[in-house]
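The paragraphs below go from sheet to helices to loops.

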Amino acid sequence: MSSSAPLRALNIDNINPHVKAARYAVRGELAVRSEKYRAQLAKGDKGDLPFDTIISANIGNPQQLDQKPITFFRQVASLLENPALLEKEDVLTEALGYKSDVIARAKWLLKEVKSVGAYSQSHGAPGIRESVAKFIERRDGYPADSANIYLSAGASSGVNTLLHIICAKPESGILVPIPQYPLYTATLSVLDARCVPYYLNEGHGWGTDLAEIRSAYDKAIAEGTDVKAIVIINPGNPTGASLPAADIKSVLEFAAEKKLVVIADEVYQTNVFEGEFLSFKKGLRDLQKASPGEYDNIELVSLHSVSKGMVGECGHRGGYFELIGFDPAVAAEIYKFISIQLCPPVIGQCIVEMMVNPPKEGEPSYELYKSEYDGIYEGLKKRAFALYEAFKQMEGVDCQTPAGSMYLFPTITLPPKAIAQAEKEGRKPDEFYAFRLLDATGICVVAGSGFGQKEGTLHFRTTFLAPGTEWVGRIIKFHKEFMDEFRD
């Protein structure tokens, strides 16, 4: 064999070019460097690092940042994973503090799924889908049909499924809010389809702007793009915005006019600090009720997940999506697509059931559940506003009031010398700032350019999941020193 013969079938030049083109900043170079620092600190080798801990403010991963699991969920899950424990109910209740409703829920779920080690139906266990439908009915005040519910491995899996179905050719386009969660642009890149960006209105709390959406649509159509759908992230990621009813109504009306599928990413629906969450499903049903027959052509898919909210069970990969107004033949193809992947994780399906059907007032586990849920919510809100107040003190930083989700997305105005130094180092200015922040403080955020932003503006996204507020002080100190270093 020639020594010059290739040793492998695959190399960087012959793999799928669309995968190489995809970008996912949330777990990009900054995150890789932060994990390198974390490993170094874990070995007790601090070296010359000017910090003792890493704060992973780059990703909405609550339990990595010490958010405690809700007891009811984990107790039920423990029985699902080891049903033999149910043979010792007296030990569970008397020695381990399990309540009777924990045991009853575990038995019911086992009856529905048989075993969490077994496959379920491809779109999820029927009883769990029925629980989801009842939750949606309670939330919105309109009927929901479990036949339209598809359980998924987190909302991301649902997004992947839907974009695969919708994007039929390279000219297929999806309207995506900018700034956006990079799952959408990355998936469209892999599918060799087109992202049609529309900018959110920062001056109005990062709300949608119908004129901007219409302009983006018209431009795409003129360029030969076949625009098939519009994505809405509400509450917003990375912006933290929570959309009012008027914004929801205008998007639905536009979708009806242009025959667009509406993809409503609503995974942060319980993370709302100002006003209340309004679902696109409720907005659609209200519109249809007010104008019978006029909006019956709208196709809406709404997604939810156990990863966010007060549940924070990211690793269990549970979620669902609901299809409204879809052609039954298209729904059958969606079912076929998810069948290829067999089924979502069954333990994740069970966590979904507990999320949508938690202990009720008067039930044995309710008091502890309510205490844990409210404690997590109040802690998130407190840290969100502590971070917001810190940003208000910082030179050249402007931030919208925390309204929802788990993030703040402040604007930063950097001195010309800092921008020049970033250019010299081959980095975008906000990336340069974020790397300097990580190297100085151990705090990992994501540069705004990873989500998209208007030309000439700079941002970064940070979570407020990390416990305490000491790390907020680190940001304030770093920012002052950074601005002083590059001041003209």
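Here is a walk through the fold, one element at a time.

This is a predicted model: local features need pLDDT of at least 70, side-chain atom pairs count only at pLDDT 80 or more, and totals for chains, interfaces and linings use all residues. Residues are numbered from 1 along each chain as its sequence is written, and side-chain values use heavy atoms, with hydrogens and water left out.

Start with the sheet. Seven strands form an open sheet with mixed pairing, in the order β2-β8-β7-β6-β5-β3-β4. Strands are DSSP runs of E, at least two residues; helices are runs of H or I, at least four; both are numbered from the N terminus. Two strands pair if DSSP finds at least two bridges between them. β2 (149-152) and β4 (194-199) are the edges, each pairing on one side only. From one strand to the next the twist averages 20°.

Inside the sheet, β5 (226-233) and β6 (261-265) run parallel, with five bridges. Val231 has Ile263 of β6 as its bridge partner.

Four bridges join β2 to β8, and the two run antiparallel. Tyr150 is bridged to Phe321 in β8. In a regular strand the side chains alternate between the two faces of the sheet. In β2, Ile149 and Leu151 point one way, Tyr150 and Ser152 the other, and all are buried. Buried means under 20% relative accessible area, exposed over 50%, and partly exposed in between (1.4 Å probe, protein chains only).

α6 lies across β2, β7 (299-305) and β8 (319-324), at about 115° to β2. α12 (328-340) lies across β2 and β8, at about 20° to β2. Axes are lines fitted to C-alpha atoms, for helices over the stretch in contact; angles run from 0 to 180 degrees between N-to-C directions.

α6 (126-140) also meets α13 (346-356): their axes come within 9 Å and cross at roughly 30°. The two helices are therefore roughly parallel, a label for angles under 35 degrees. On α6 the contact residues are Ile128, Ser131, Val132, Phe135 and Arg138; on α13 they are Gln349, Cys350, Val352, Glu353 and Val356. Contact means heavy atoms within 4.5 Å.

Finish in the loops. Ile178 to Pro179 is a cis peptide bond, omega near 5°. Pro179 sits between β3 (172-178) and α8 (183-190). Asn234 to Pro235 is also cis, omega near -10°. Lys114, not a glycine, has a positive phi of about 70°. Lys114 is exposed, at 66% relative accessibility.

Conventions
Parallel < 35°, antiparallel > 145°, perpendicular 65-115°, else oblique.
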